[in-house]
Amino acid sequence: MPLSRMRRYCAALCLFAVLLLLGGTTQARAADPPPIAPFLDNVLASVDTYWHVTDAAAGRPAPSVQHVWVVPGGKVDTACGVPAADDAAFYCPDDDTIYVGQVFASAIYDGVLQGLPGQKAGFGRAAGDFAVAYVVAHEYAHNVQEESGALAGRTRALPTELNADCLAGTWARWAYGQGRLDPGDVQEAIDAALAVGDFDFLSPQHHGTPLERRDALLTGLNSGSPPACNRYLME
Ligand SMILES: [Zn+2]
């Protein structure tokens, strides 16, 4: 192709590329989720209110828990022997703190998180705002377990993990009653519970298969009753 024709082609193509880029940038901006930390704050406030109401109704002391939303690239020391970084999503009973990495939460919010065992095996998908909310409610439930004594002396994770999924479901049911859920939110939580299920049956850290985790969440969602979740602690 003669150079002059190539230039003309390039002029046309390059302009198209620039327009595409500009359009892409504008679209990406329009679709950007809100900053994740305020979203996590809102979810935590709702879960915290739920447990204050629930504990008061049951005559228990008010719950109390700290939280750290680990900033991107950050590394925070915890009292549990492992630092909390971008991929954090756990409750540490030794410093009574929920740790969630903002990178991890944003990846779920945006539906781009890869590598979850259930999801890799074809179960569910952790994506959307309510998938993130399920994670926060699950970690808060471990604080509820700590305060009730249900965490103490356990050698296997399974009973308290399924109980935490179920308790997350009771919060979701309450939030639904408050008119806080959008269409599709419950499905997002169910898909996330399936996605985080694992198959490490022989490990004491086995948290439950995708179907076990989904069913535990549904037990909480359908009943809206924390005592209905006690069955998992007996396992
Ligand atoms: Zn857990």
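Helices (H or I, at least four residues) and strands (E, at least two) are here DSSP runs, numbered from the N terminus. The model is predicted: local features require pLDDT of at least 70 and side-chain atom pairs count only at pLDDT 80 or more, whereas totals for chains, interfaces and linings use all residues. Residues are numbered from 1 along each chain as its sequence is written.

**The whole chain**

Begin with the entire protein coloured by secondary structure. It has nine helices and three strands, and along the sequence these follow the pattern α-α-β-β-β-α-α-α-α-α-α-α. Of the 235 residues, 39% are buried; a residue is buried if 20 or more other C-beta atoms lie within 10 Å of its own, exposed if 12 or fewer, and partly exposed in between, with C-beta atoms placed from the backbone. Two residues are in contact if their C-beta atoms, likewise placed from the backbone, lie within 7 Å. Among contacts between residues at least 6 apart in sequence, 63% join residues at least 24 apart.

**The sheet**

Select the strands next. They form an open sheet of three strands in the order β1-β3-β2, with mixed pairing; two strands pair if DSSP finds at least two bridges between them. Strands of a sheet pair through backbone hydrogen bonds, either parallel or antiparallel. The edge strands are β1 (66-70) and β2 (89-92), each of which pairs on one side only. From one strand to the next the twist averages 15°.

Now select β1 together with β3 (residues 97-101). These two strands run parallel and are joined by five bridges.

A89 stands opposite V100 in β3.

Which residues of β3 lie on each of its two faces? T97, Y99 and G101 are on one side, I98 and V100 are on the other, and all are buried.

**The hairpin turn**

Zoom in on the loop between β2 and β3, where D96 is located. The two strands form a hairpin with four residues between them. D96 has a phi near 50°, a positive value in a residue other than glycine. For context, most residues other than glycine have a negative phi. D96 counts as partly exposed because it has 15 C-beta neighbours inside 10 Å.

**Across the sheet**

Axes are lines fitted to C-alpha atoms, for helices over the stretch in contact, and angles run from 0 to 180 degrees between N-to-C directions.

**Helices α5 and α6**

The crossing is right-handed; a crossing is left-handed if the near helix is turned anticlockwise from the far one by less than a right angle, and right-handed if clockwise. Residues of α5 at the contact include Y134, A137 and H138, and those of α6 include T160, N163 and W171. By class, this contact has nine nonpolar, five polar and one charged residues, where Ala, Val, Leu, Ile, Met, Phe, Trp, Tyr, Cys and Pro count as nonpolar, Asp, Glu, Lys and Arg as charged, and the others, Gly among them, as polar.

**Helices α6 and α8**

The axes of α6 and α8 come within 6 Å and cross at roughly 40°. That angle makes α6 oblique to α8; angles under 35 degrees count as roughly parallel, over 145 as roughly antiparallel, 65 to 115 as roughly perpendicular and the rest as oblique. This crossing, too, is right-handed. Among the residues that meet are L162, D165 and R173 in α6 and E212, R213 and L221 in α8. The residues of this contact divide into nine nonpolar, four polar and four charged.

Finish at W174, in helix α6. Is W174 buried or partly exposed? W174 counts as partly exposed, because it has 19 C-beta neighbours inside 10 Å. Leaving aside its neighbours within four places in sequence, W174 is in contact with Y50 and G224. Display V47 as well: the C-alpha atoms of W174 and V47 are separated by 9.3 Å, although the two residues are 127 residues apart along the chain.
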